[in-house]
Structures are given as structure tokens and as C-alpha cells.
Amino acid sequence: MKIRLSPQTLQIVDAFLQDPEGWKYGYDLSRNTGLKSGTLYPILMRLAERKLLETSWETAEIGKPPRHLYRLTADGMRFAREHRQLRSTGSARPAAWSEAEG
């Protein structure tokens, strides 16, 4: 499986690196990145399917629907940091990434 590293996917990865161990709501990611839900949520689902994000449902208060939370897995954190470093140095990506991204 491949991960499409579009500019939007890179925005999301960078948003997670601002607080790599923290849980994030999709709504907050949308506000921070400026991405619409039709762009954001498919990317989050792809990252979760590839085990780069962990997902959880927040227990809702009475009268409020549950909210989905996301955070980087250990593999996701490594992937995000390596990718950020490669982008900052302008280096070519490692061959091993060809299986994880496109």
C-alpha cells in the first residue's frame, strides 16, 4: 500500500508534529490546516489504515455525540520526523518508503 504525500497530507503530518504525542480532533486539524472535511478525513483514514495514526472515540458528554481522536503511532512519528527532515534538507527519500508512500 502507498501513501499519497500530497501537499495536504504533508500539512496534516506537520500538524501532528506540533504535539507528536497529543490526541487531536479532526475539527481542530481542519481549523489548523485550513483543509475541508472532504479532504481531511480521507487522508486521516489512509494514515490510520497504514498504522501511522492511532484512533480513538472520545466518551461524549450527555447530549453530545462522541468525537473521533487521532494521534501518531510510533511508526507514524518516525515517518513524520524522517519526512520533515528530508524535506528540510532536500534529500531524496529512502527506498524503504516506496512501500509506504507514493
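## Packing of α2 and α3

At roughly what angle do the axes of α2 and α3 cross? In this predicted model, where local features need pLDDT of at least 70, side-chain atom pairs count only at pLDDT 80 or more, and totals for chains, interfaces and linings use all residues, the answer is roughly 120 degrees, with the axes coming within 10 Å. Residues are numbered from 1 along each chain as its sequence is written, and side-chain values use heavy atoms, with hydrogens and water left out.

Axes are lines fitted to C-alpha atoms, for helices over the stretch in contact, with angles from 0 to 180 degrees between N-to-C directions. From α2, Gly-26, Tyr-27, Leu-29 and Ser-30 meet Leu-40, Tyr-41 and Leu-44 of α3 (contact means heavy atoms within 4.5 Å).

Helices (H or I, at least four residues) and strands (E, at least two) are DSSP runs, numbered from the N terminus. Among the buried residues of α1 are Ile-12, Asp-14 and Phe-16, and the elements covering them include β1 (24–25), α2 (26–33) and β2 (53–58).

Leaving aside residues up to four places away in sequence, Phe-16 touches Lys-24, Leu-29, Leu-44, Leu-53, Tyr-70, Arg-71 and Leu-72.

Conventions:
Buried < 20%, exposed > 50% of the residue type's maximum accessible area, 1.4 Å probe, protein only.
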